[in-house]
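Here are some notes to read alongside the structure, written for someone seeing it for the first time. Keep the view open and follow the points in order.

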Amino acid sequence: MARGGRVVSGYMADPSLAMVTPELAGAALSCAALARARALAEWVGPGRTLTASGVLRPAEAVRACQHLGIEVPGSRLRSALDVDELMRAWLAAAAAGFLQIDGRCARAAPDLPAAGPATHPRPKAIVSAWVQAAAAVLDLDEEPCAACLMVLHELHAADGPLTVDQLAAAVRGVLEPEVEPEGVPCPGCGQVHGPGGLIGLSDLFGDEDQDEEDLAGHVEGTVDGLLAFGAVHTADRAARLTPLGRLLAAAVFDGLAPSPEADAETLVSAIGELPPPVARTVARPWLDARSTAEAARELLAFAESADSSERIAALAFAAQLGTEAADAWRPWAKRPGIGAYARQWLRSQGEVVAEDPADEAWLAVDSLSAMLDGLTDLVPPLLLQAVLAGQAGEDVTKAAEWMLTSGHPRAAGVVARLTGRPSLAVARGPADGTRGRPGGPGHSGVTVRSSGERARRPEPGPLVYQLKITLRDVSKPPVWRRVLVRAGITLRDLHEVIQQAMGWENCHMHVFSTGWQEYGSPDPELGHASDKKARLPEVLAVPGDRLRYTYDFGDDWEHDIVLEEIRPAEPGEACPVCVAGKGACPPEDCGGAWGYANLKEILASPSDEEHEEMLDWLGLDTAAEFDPGELSIGEVNDRLGRLVKTR
């Protein structure tokens with residue numbers, strides 16, 4: 001887990017009634033952060049107009065800063081967003097319920113608590129508002145910051161005060177461990193690090209010295225934030241939690257915890273991205289509800305069917321359950337593939353376990369699969385391939401050959417992503433020759449051949465891509481098509497296929513988006529690369545890869561394109577062809593997904609004042625002639641057939 005990384009979404013548990021006292025409520029209301037938030041709400045009063053960004057206008061923001069004693073940066077304020085102190089107070093006031101925000105207007109809550117009393121008639125409401133405000137400002141609510149969670153956790157677990165340096169060292173030891181065992185879940189972050197160094201991925205990441213400085217500053221800022229909320233006492237650069245701080249920790253960690261009766265999938269979803277010490281605290285009620293061996297069995301059973309990242313998270317947590325879990329690990333050590341994790345764990349406990357020569361390669365593929373899934377939206381495939389080719393040269397080919405001997409079902413896909421050779425990602429089905437669908441038995445990621453049944457490399461030849469094209473934000477019914485195309489077509493060819501398969505009229509502009517590049521008709525103002533020069537394997541390398549296609553920049557019809565399968569072309573097989581689909585294509589120029597939904601409502605209501613107008617616009621006599629669910633696969637393939645003949 002990288003510094004300051006985001007983790008699974010959480011929510012704040014209500015403070016325990018047993019922990020809330022009038023004195024605690026008084027401390028919450030009088031802390032510096034909540035007192036300033038309350039003063040800001042009082043200044044807002046009956047109403048202030050907001051900008052489109054939902055914040056005070058610059059002139060109003062200056063007056064608010066003057067009222068709160070906040071220094072305004074520069075001679076002229078561009079936006080309230082440029083004043084961090086003001087925005088923290090604004091966020092705290094909104095989260096605490098001191099402000100009511102409705103569109104572009106903000107007003108003070110009618111029940112804004114009075115300032116100053118040592119006690120309050122509604123102590124639980126005050127403390128709950130304080131928890132919500134502290135969690136929002138300290139980045140502990142939705143998608144909490146991993147480093148901030150660790151600071152709170154270390155203070156909560158400590159017997160005495162901790163210095164900022166001690167906190168930074170503890171956080172760094174978990175989020176940025178120095179020892180990274182190859183091919184196994186790291187005890188610090190639960191991720192696998194070794195294979196990246198094996199093939200030269202290290203230069204894709206940032207400067208470690210700079211990260212250390214940033215992390216220390218981040219930890220110090222978190223402590224300062226806790227101090228502003230009265231959650232810590234500080235002395236001699238050391239901090240310890242106050243009663244309010246202990247209450248905040250309980251609310252945060254209880255809010256993240258799954259039910260003790262939850263299954264292993266729910267548990268892993270809740271803790272999979274949490275720093276391990278936090279994960280152990282959050283999982284404690286779940287663990288207490290079953291024996292250690294039972295917990296390990298549930299985690300291992302889930303890991304078998306999970307994807308790479310969830311599997312590694314489940315196995316990393318199971319590995320920390322101790323020797324009492326050994327009875328659960330031993331049966332798994334007899335299995336090929338995923339059994340590599342069990343054999344490795346048992347050896348680490350001092351047991352003698354027979355080795356499988358494919359284990360190292362299998363673990364490397366599993367690790368790289370999870371790593372590459374995380375890089376998909378950050379690093380373009382071509383850049384990744386170029387970096388590897390420049391750093392490792394022929395070693396990349398050797399590593400690819402080695403990984404293909406592992407028997408791992410995702411080995412060919414990993415190699416294809418690293419080398420840019422989609423021919424290696426051809427889907428291999430079970431021994432009976434049937435092909436699995438994504439997410440099915442053939443693609444579970446762990447159902448593998450034994451070490452004596454290694455996959456044979458495919459013979460070179462033309463490949464077919466199976467794509468699912470889904471129109472976004474359209475439902476009742478959804479609109480999608482499943483098509484087969486030659487792997488080597490250009491994106492301009494794919495544009496033509498989409499137009500005919502969906503039923504569009506090809507009378508507007510379009511663009512393909514990968515997250516790092518856009519392809520369409522070359523235009524210096526739009527910044528689109530030419531879709532005539534980009535080929536499909538450059539943007540979709542392995543099953544599961546995605547691409548966005550937008551048609552008509554006015555209506556913004558967005559399509560999700562998912563690569564479902566790659567396989568060898570069959571003799572005489574026609575492409576492109578539509579093999580399945582659902583839903584009629586919306587009319588052109590009807591206003592996009594929202595306009596189409598409105599159109600369907602109007603046509604379904606004869607009494608609507610626009611009913612006849614819409615029938616006339618569509619050229620229909622009655623609404624019965626309009627069927628949003630109508631689709632003829634035969635007609636789709638007739639259009640696609642004509643497309644082939646024009647080339």
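1. A term to start with: a residue is buried at under 20% relative accessible area, exposed at over 50%, and partly exposed in between (1.4 Å probe, protein chains only). Helices (H or I, at least four residues) and strands (E, at least two) are DSSP runs, numbered from the N terminus. Now look at helix α16, residues 339-348: 7 of its 10 residues are buried, so the rest of the structure largely encloses this helix.

2. Some ground rules. The model is predicted, so to speak of local features pLDDT must be at least 70 and side-chain atom pairs count only at pLDDT 80 or more, while totals for chains, interfaces and linings use all residues. Residues are numbered from 1 along each chain as its sequence is written, and side-chain values use heavy atoms, with hydrogens and water left out.

3. Back to α16. Which residues of α16 are buried? They are G339, A340, Y341, A342, R343, W345 and L346. Just after α16 comes G350, which has a positive phi of about 90 degrees.

4. Next, find the open sheet made of 3 strands, in the order β4-β6-β5, with antiparallel pairing. β4 (162-163) and β5 (232-235) are at the edges with a single partner strand each, so one side of each has no neighbour in the sheet. Two strands count as paired if DSSP finds at least two bridges between them.

5. Zoom in on β5 and β6. β6 covers residues 238-241, runs antiparallel to β5 and is joined to it by 4 bridges. V232 faces L241 in β6, and A235 is opposite A238 in β6. The two strands make a hairpin with 2 residues between them, and D236 in the turn has a positive phi of about 55 degrees.

6. R237 sits in the loop between β5 and β6 and E220 in helix α9 (residues 208-228), so the pair ties together parts that are 17 residues apart in sequence. E220 is partly exposed, at 36% relative accessibility.

7. Are they buried or exposed? D288 is exposed at 57%, whereas R284 is partly exposed at 41%.

8. Another salt bridge joins the side chains of E558 and R472 (3.4 Å, N to O). This pair links distant parts of the chain, 86 residues apart: E558 is in strand β13 (residues 557-568), and R472 is in the loop between β7 (463-471) and β8 (480-486). E558 is partly exposed at 27%, as is R472 at 29%. Both belong to a salt-bridge network that links R472, R548, E558 and D560.

Notes: Salt bridge = Lys/Arg side-chain N within 4 Å of Asp/Glu carboxyl O.
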